[in-house]
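Subject: Handing over the structure

Dear colleague,

Here is the structure that I promised to pass on to you. Please open it first, and then read the notes that follow.

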Amino acid sequence: MRWTAPPLVCREAVELVSDFLEGSLPRRERRRLERHLAACDACDAYLEQMRAVIAASGRVTADDLDPDVLEGLVTLFHQYQQES
Ligand SMILES: [Zn+2]
């Protein structure tokens, strides 16, 4: 297996999503995020959730997110922390 850039972990991906949606993410970071999203259902779902919130309200805060999505991400983060 070969990596051209270090793979994103979910925590990093989530941090990048809001910049990604605002269009302020540098192209190289956007590529890394897109690659992560293609392989990670949880972050892909998170992105979709963020998109829906932004479409509805024009802006996004953590308070606007579906608690189920947040809870799923928190679980995911704990798994990653245990693995590393
Ligand atoms: Zn992920």
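Predicted model: local features only at pLDDT ≥ 70, side-chain atom pairs only at ≥ 80, totals over all residues.

Leu-16 itself is found in helix 1, and it counts as buried because 20 other C-beta atoms lie within 10 Å, where 20 or more are needed. The C-alpha atoms of Leu-16 and Arg-30 are 8.3 Å apart in space, although the two residues are 14 apart in sequence.

On the side of helix 1 the contact involves Ala-13, Leu-16 and Phe-20, which meet Glu-29, Arg-30, Leu-33 and His-36 in helix 2. Sorted by class, the residues of this contact are four nonpolar, one polar and two charged.

The axes of helix 1 (residues 10–22) and helix 3 (residues 41–57) come within 10 Å of each other and cross at roughly 30°. With an angle under 35 degrees, helix 1 and helix 3 are therefore roughly parallel to each other, and here the crossing is right-handed. Helix 1 brings Cys-10, Ala-13, Val-14, Val-17, Ser-18 and Leu-21 to this contact, while helix 3 brings Ala-42, Cys-43, Tyr-46, Leu-47, Met-50, Arg-51 and Ile-54. In this contact of helix 1 with helix 3, eleven residues are nonpolar, one is polar and one is charged.

Within helix 3, I would draw your attention to Cys-43. With 24 C-beta neighbours inside 10 Å, Cys-43 counts as buried. Leaving aside its neighbours within four places in sequence, Cys-43 is in contact with Cys-10, Ala-13 and Val-14, and also with His-36 and Leu-37. Gly-72 lies 29 residues from Cys-43 along the chain, and the C-alpha atoms of the two are separated by 9.8 Å.

Which residues make up the largest nonpolar core? There are ten in all, namely Leu-8, Ala-13, Val-14, Leu-16, Val-17, Leu-33, Leu-37, Cys-43, Tyr-46 and Leu-47. Helix 1, helix 2 (27–39) and helix 3 are the elements that give two or more residues to this core, and the largest share, four residues, comes from helix 1. Leu-16 and Cys-43, described above, both belong to this core. Another of its members, Leu-8, is in contact with Ala-13, Arg-32, Leu-33 and His-36, once its neighbours within four places in sequence are left aside.

Finally, a residue from the segment before helix 1 deserves a look, namely Pro-6. Is Pro-6 buried or exposed? Pro-6 is exposed, because 8 other C-beta atoms lie within 10 Å, and a residue with 12 or fewer falls into that class. Pro-6 and Arg-32 are 26 residues apart in sequence, yet their C-alpha atoms are 8.5 Å apart in space.

With best wishes

Note on methods: Residues numbered from 1 in each chain as written. Axes fitted to C-alpha atoms, helices over the stretch in contact; angles between N-to-C directions. Parallel < 35°, antiparallel > 145°, perpendicular 65-115°, else oblique. Left-handed = near helix turned anticlockwise from the far one by under 90°. Contact = placed C-beta atoms within 7 Å. Nonpolar A, V, L, I, M, F, W, Y, C, P; charged D, E, K, R; others polar. Core = buried A, V, L, I, M, F, W, Y, C linked by C-beta atoms within 7 Å.
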